[in-house]
Amino acid sequence: VTLLAKPTSLGVGGGQCSGDNISNVLSDAASLSAQTDCLTANPAYNPGVRYRPQQPLSTFNGLLMASDWELSVIDNATGDEGTLNGWSLFISE
């Protein structure tokens, strides 16, 4: 499931989403889309605001909780590097 991929502006070139210190919560029930909001803000994310991921988290429904879970983070920007300081997975039945 892709949570967020750098969007393109009107299908041409790179979108924004290039800000530092991104901190957010993803939820299928959120009214704001992380993917679209990222086109108009830099960064699009605000602590305490929930965003809908690019693909729904409900894709995981029905999977076993006692499984191996993997998060991949890729920083494709040139001239700098990205660091993931932490992440959490909240599972509800």
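This is a predicted model: local features need pLDDT of at least 70, side-chain atom pairs count only at pLDDT 80 or more; totals for chains, interfaces and linings use all residues.
Now switch to cartoon. You'll find one helix and three strands in the protein chain, and if you trace along the sequence they come up as β-β-α-β.

Colour by burial if you like: of the 93 residues, 15% count as buried. Two serines are worth a stop.

First stop, Ser27. Select 25-26 for β1 and 32-33 for β2, and look in the loop between these strands: that's where Ser27 sits. Is Ser27 buried or exposed? Its relative accessibility is 17%, and buried means under 20%, so Ser27 counts as buried. To see what is around it, leave aside the neighbours within four places in sequence and show the residues in contact with Ser27: Arg50, Tyr51, Arg52, Pro53 and Leu57.

Second stop, Ser33. Move along to strand β2, where Ser33 has its place. Ser33 comes in at 14% relative accessibility, so this serine counts as buried. Which residues does Ser33 touch, not counting those up to four places away in sequence? Select Tyr51 and Arg52, and you have them.

To finish, keep Tyr51 and Arg52 on screen and bring back both serines. Ser27 has these two residues among its contacts, and Ser33 touches them as well.

Note on methods
Residues are numbered from 1 along each chain as its sequence is written. Side-chain values use heavy atoms; hydrogens and water are left out. Helices (H or I, at least four residues) and strands (E, at least two) are DSSP runs, numbered from the N terminus. Buried means under 20% relative accessible area, exposed over 50%, partly exposed in between (1.4 Å probe, protein chains only). Contact means heavy atoms within 4.5 Å.
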